[in-house]
Amino acid sequence: MSIEKMPTVCCLCHTNCGVIAHVEDGVLVAVKPDKDHPYSKGHICPKGAAAPEIVYHPDRITHPLRKTANGFVRISWDEALDEIATRLLEIKEKHGAHTLIRCGGAPMTSAAWDAFIQLTASYGSMNFAGASHLCSIPRLVAYKSVYGNSTGPDYLNTRCMIQWGTNPTESRSVGDSGVCNGNVSKVIPNAIKRGAKLIVIDPSRTKLAQKAHIWLRPIPGTDAALALAMLNVIISEQLYDKDFVRNWTVGFDELAAHVQDMTPEWAEGITSVAAENIREVARTYATTKPGIIREGNFVDQSTNTVQMVRAIGMLIALCGNLDVPGGEIFHPQMKAPFLTTRPEAKSLSAQTYPMFPIIPFPCITDALLTEKPYKPRAMIVYHGNPLMINANYERNKRALEQLDFLVVCELFMSATAEMADIILPDTSEYENYGTCIKSCGEGSGTYVCLQNKAIEPVGQARPVFEVEYELAKRMGMDKDYVWSDTEGCIDHRIRATGITLADLKKRPLIHIAKPIEYKKYMQNEFKTPSKKVELYSQKMKDLGYSPLPIYIEPHDIAADDDYPLIGTGRRSGVFTHTRFHNIPSLLKIENEPHVRIHPDDAKARGIANDDKTVISSEKGTIEIAAKVTDETLPGVVVIDFGWGNPSDGGANMNVLTSDDVRDKITGSTPNRRFRCQVFPTP
Ligand SMILES: Nc1nc2c(c(=O)[nH]1)N[C@H]1C(S)=C(S)[C@@H](COP(=O)(O)OP(=O)(O)OC[C@H]3O[C@@H](n4cnc5c(=O)[nH]c(N)nc54)[C@H](O)[C@@H]3O)O[C@H]1N2
Ligand SMILES: Nc1nc2c(c(=O)[nH]1)N[C@H]1C(S)=C(S)[C@@H](COP(=O)(O)OP(=O)(O)OC[C@H]3O[C@@H](n4cnc5c(=O)[nH]c(N)nc54)[C@H](O)[C@@H]3O)O[C@H]1N2
Ligand code: SF4
Ligand SMILES: [Mo]
């Protein structure tokens, strides 16, 4: 039998590398890199290559399952769909449509964003939650408040790159950059070869930090002070772009007065980064133009996320690096309205977090436990593992136990799926069509690409949009649908691009953007209330937030005798979040999670490399092996994030994290900073 080779994109992380699915006799036998893909250029990582293991894993959920007193039992699709429709209609009747929550995760394809959105809206609920309070959206809120949108870096023309709390060697995938997982795109090394400066701001000595011309190591959670001190230097030394400030900003005088006392010496006391190094970085960034600043995911998970990122946005704007070659570019965005009905219903958190577009999951935890503003009754989880990834695992578990009805659509028995009443088996990315719309930092702009259907669904797995439509029919809501299956849904979703699924089947990657235009604000202005870059935001003031960016002390700043260490987390290139810790070829590369601990801290506790340790925080305790290394700062321990699903037996770092104190604007929780103590396992 010959092997059919089908171009597609890997959807196992956000990078979406171009790959070739090798199919023999209807079986996915291998996934190989696509050398002709314009951005990933023949890169594949171990996860991508492990796709056949993932698709045919013996633990794949391949039938609808119902929870019974004796565990999960297989049921037919009709039984599953009938039961879901009946229960949801009962709940609506008894408690109201607003008590349904749709929860997602960190989607790598459009389907993963869209599934069950229409159903939830047609039902009458605008309660959408997911991981967004921990991922990218806090940043988006911040950049919107400063200059109307977020940007993508122009690596090809840049002369200075600040990589701020991001670890592209292992992860980093924000669709705009293409700088991820090792060599997927060599944009950073290539820029260095061309003479660009690399500044890394990261408490850990990552591989990237080792390549940096300047490396700053702030104490986790203190970066806002660093950014404000950089503003202080750039303003007091008049290193900013005066024409841009004069013509395109509001609030410069207020900002200048505000940061006047926020000197590098002030920030040194908070961040432990030497004042002279803060000055050097501020001067280098302001004078080596054009420059980019790529902030990583650490900024999202903080009690001061929006104000910290606003300060970073102001650095970009003040130095004249917005929408210029080699700077931070506003990429054209496709408007893709998905909902065909938008009930007037408000989301559960619309009043608490008016600037945040979806519900921060901790609000749902609160509502389940306190019944305020009301008690959610039902939840549909798609492509997410909310029990594992939110701060304060124990509290989340107690909260999810309060639901009357939980439906989880999954590939595997995740910790969240284990709590479900009904589990629906989804098709994997190789068993169904999909699309990714991406913009790339290498100059050629936005493109749409095809996630190709390479094989038929495994077992009884069914494509989610078909399932959603079947449910809508049973609930009398199908009149709201302009599609009834995956193909129809995709065409509806991408119609604003002028491309159809049929086009993509012929040509799996189609660019939809014109060559990049710079300084678009000259014609279009900035999408802020004043139409300028807002260094002072009246809108934020009106909402009761600081109109100027501020440093807010981490809630656990005070030294604590019981929990003297600061804990934070890291991602591994081998896994994605809570996924793949059951895949044999990946476990050969990393077979258990670790805590990285500085030799001084390890010695003081009698901990040697590979020793088992017990880590406790005020929220819980985990057991995990130690890696003794000076990669991490003294006093800071770094835990591998994502382990702890029932199938992997590893430790979940979110047992230790806290949701007590949150970012005032987005409800984000400090999943990257908590106080803890580490002892050797007795
Ligand atoms: N402490 C700490 N917490 C964190 C973070 C951190 O750095 N530290 N990071 C945060 C961030 S940035 C994010 S984005 C979140 C991630 O949060 P999530 O996105 O919720 O985490 P995942 O592990 O990716 O969960 C995805 C689930 O979907 C399932 N799945 C995979 N493919 C499919 C599919 O095709 N169909 C269906 N139906 N299901 C599928 C997987 O089996 C998995 O159980 O975690 C956040 N939490
Ligand atoms: N292999 C793989 N790739 C992934 C993912 C994955 O789970 N696995 N997840 C995807 C997702 S959803 C996301 S959001 C991205 C995240 O990708 P990135 O944004 O690159 O985030 P991380 O890889 O977690 O790296 C964060 C870095 O911030 C540093 N850091 C921690 N605390 C602080 C602090 O207080 N200040 C500063 N300055 N630095 C700090 C850490 O040491 C770490 O090096 O990766 C995506 N790509
Ligand atoms: S980096 Fe790996 S997991 Fe991510 S898209 Fe590429 S091959 Fe897939
Ligand atoms: Mo994320």
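How many residues does helix 9 have, and what distance does helix 9 reach from its first C-alpha to its last? In this predicted model, helix 9 spans residues 223–236 and has 14 residues. From the first C-alpha to the last, the helix reaches 20 Å, close to the 20 Å expected at 1.5 Å a residue. Helix 9 is mostly covered, with 13 of its 14 residues buried. The helix is followed by Gln238, for which phi is positive, near 55 degrees.

An N or O atom in the side chain of Asp223 is 2.7 Å from a nitrogen atom of ligand 2. For Arg571, the separation between a polar side-chain atom and a nitrogen atom of the ligand is 3.0 Å. A polar side-chain atom of Lys47 likewise lies 3.3 Å from a nitrogen atom of ligand 2. On its own, ligand 2 has 920 Å² of accessible area, and the protein covers 97% of this area.

A nonpolar patch on the surface is formed by Ile3, Val27, Val29 and Tyr56, which together have about 300 Å² of accessible area. Among these residues, Ile3 is placed in strand 1, which runs over residues 3–9. Ile3 counts as partly exposed because its relative accessibility is 39%, a value between the limits of 20% for buried and 50% for exposed residues.

Two loop residues were examined in turn. Ser530 is found in the loop between helix 21 (521–524) and strand 21 (533–534). With a relative accessible area of 30%, Ser530 is partly exposed. The side chain of Ser530 is joined to that of Glu534 by a polar contact of 2.6 Å. Ser530 and Val250 are 280 residues apart along the chain, while their C-alpha atoms are separated by 7.7 Å.

Glu618 occupies the loop between strand 24 (612–617) and strand 25 (620–628). The relative accessible area of Glu618 is 54%, and the residue is therefore classed as exposed, the cut-off being over 50%. Arg675 is 57 residues from Glu618 in sequence, and the two residues are 7.8 Å apart in space, C-alpha to C-alpha.

Notes: Residues are numbered from 1 along each chain as its sequence is written. Chains are lettered from A and ligands numbered from 1 in the order in which they are written. This is a predicted model: local features need pLDDT of at least 70, side-chain atom pairs count only at pLDDT 80 or more; totals for chains, interfaces and linings use all residues. Side-chain values use heavy atoms; hydrogens and water are left out. Helices (H or I, at least four residues) and strands (E, at least two) are DSSP runs, numbered from the N terminus. The expected span of a helix is 1.5 Å times one less than its number of residues. Buried means under 20% relative accessible area, exposed over 50%, partly exposed in between (1.4 Å probe, protein chains only). Patches are made of residues with over 30% relative accessible area and no salt bridge: like charges are joined within 9 Å, nonpolar side chains (Val, Leu, Ile, Met, Phe, Trp, Tyr) within 5 Å. Accessible areas come from the Shrake-Rupley method with a 1.4 Å probe; for residues, only the protein chains shown count as cover. A salt bridge is a side-chain nitrogen of Lys or Arg within 4 Å of a carboxyl oxygen of Asp or Glu. A polar contact is a pair of N or O atoms within 3.5 Å; within protein, one must be able to donate a hydrogen and the other to accept it, and residues adjacent in sequence count only if both atoms are side-chain atoms.
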